[in-house]
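Work through the exercises below with the sequence and the model open. Try each task before reading its solution.

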Amino acid sequence: MHEYTSTIRVWGLTCPGFPEEVSRARRWTRDILRDSPLAEDAELIVSELSTNALLHTASGHQSGSFSLAIEVSPQMVTLSVTDGGGTGTAPKVEHQDEEAEHGRGLEMVSAIAHRVIVNDSDHGHTVTAAFFTEAGRGGQLCG
């Protein structure tokens, strides 16, 4: 068996906890998914999750960081952002009214992605957004 027979590809990036790193995370995501019809949605989600990590966790503090992972298979594209923790509570979807200026990010992510999973650990939180491709739904592969 050839060691490179897997059709799953995984990329990872760790960014320092500076606001300008959100644009770096977006570009990185766009570059990886440039041939996928999911690229724009993925870029938006990475932007939102990275910004949340900086604003609401230790990722945005001095010496903080956040990590991203992208996994692409014929069936699915998953995007994960892991923050620096330090909040005591995990991110959650909050249903805000239309006038709210904050607190609607994960609700938006949940509306765009097919599945959103939040994992909590002693070292931070990982929010994973998953998209099923056409192959994952029984059709042809997207992008």
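**Exercise 1.** Which residue in strand 5 is the bridge partner of Val77?

Solution. Before starting, note that this is a predicted model, in which local features need pLDDT of at least 70 and side-chain atom pairs count only at pLDDT 80 or more, while totals for chains, interfaces and linings use all residues. Residues are numbered from 1 along each chain as its sequence is written, and side-chain values use heavy atoms, with hydrogens and water left out.

Step 1. Helices (H or I, at least four residues) and strands (E, at least two) are DSSP runs, numbered from the N terminus.
Step 2. The partner of Val77 in strand 5 is Phe131.
Step 3. Strand 3 and strand 5 run antiparallel and are joined by seven bridges.

**Exercise 2.** Describe the largest nonpolar core.

Solution. Step 1. A nonpolar core is a set of buried Ala, Val, Leu, Ile, Met, Phe, Trp, Tyr and Cys residues joined through side-chain atoms within 4.5 Å. Buried means under 20% relative accessible area, exposed over 50%, partly exposed in between (1.4 Å probe, protein chains only).
Step 1. The largest such core has 26 residues, and Phe66 and Leu68 are among those with the most contacts inside it.
Step 2. Helix 2 (39-56) and strand 2 (65-72) are among the elements that each supply at least two residues. Helix 2 gives the most, with seven residues.
Step 3. Leaving aside neighbours within four places in sequence, the contacts of Phe66 include Leu13, Ala25, Leu54 and Val81 (contact: heavy atoms within 4.5 Å).

**Exercise 3.** Is Thr133 buried or exposed?

Solution. Step 1. Thr133 lies in the segment after strand 5.
Step 1. Thr133 counts as buried because its relative accessibility is 3%.
Step 2. A polar atom of the Thr133 side chain lies 2.4 Å from the backbone oxygen of Pro74.

Definitions and conventions
A polar contact is a pair of N or O atoms within 3.5 Å; within protein, one must be able to donate a hydrogen and the other to accept it, and residues adjacent in sequence count only if both atoms are side-chain atoms. Two strands pair if DSSP finds at least two bridges between them.
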